[in-house]
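Please look over the structure below before reading on. The numbered points that follow are meant for someone new to it.

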Amino acid sequence: MYICNCNGLNQRAIARAIAAGCDSPAAIYRHHGCSPQCGKCAGELCALLRAGARPGAAALPACPALLPPPGLLAAE
Ligand code: FES
């Protein structure tokens, strides 16, 4: 199942990134060599990060709201 349609990241790809140590949506994008586009997947990425957190690991910081991609809100 695709979680991030913009970047073609499915649940398995995201699980691999988390297993490799990614601890934020931004880290997951970087791991796969991509960047957020629309940001709609951020909530699901945060949920998967929380679910994948190892017992005893430092608590995940609050998932930051993703800002719109650079230039999206730029004055025209
Ligand atoms: S669905 Fe992930 S950035 Fe758009």
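1. Helices (H or I, at least four residues) and strands (E, at least two) are DSSP runs, numbered from the N terminus. On that basis the chain has three helices and two strands, arranged along the sequence as β-β-α-α-α.

2. This is a predicted model, in which local features need pLDDT of at least 70, side-chain atom pairs count only at pLDDT 80 or more, and totals for chains, interfaces and linings use all residues. Residues are numbered from 1 along each chain as its sequence is written.

3. A residue is buried if 20 or more other C-beta atoms lie within 10 Å of its own, exposed if 12 or fewer, and partly exposed in between, with C-beta atoms placed from the backbone. Of the chain's 76 residues, 18% are buried.

4. A nonpolar core is a set of buried Ala, Val, Leu, Ile, Met, Phe, Trp, Tyr and Cys residues joined through C-beta atoms within 7 Å. The largest one here has twelve residues, among them Ile 3, Leu 9, Ile 28 and Leu 49. At least two residues come from each of β1 (2–4), α1 (11–19), α2 (25–31) and α3 (42–52); α1 gives the most, with three residues.

5. Gln 11 lies in helix α1. Gln 11 counts as partly exposed because 13 other C-beta atoms are within 10 Å. Beyond its neighbours within four places in sequence, Gln 11 is in contact (C-beta atoms, placed from the backbone, within 7 Å) with Met 1 and Ile 3. Its C-alpha atom is 8.7 Å from that of Leu 48, 37 residues apart along the chain.

Definitions and conventions
Contact = placed C-beta atoms within 7 Å.
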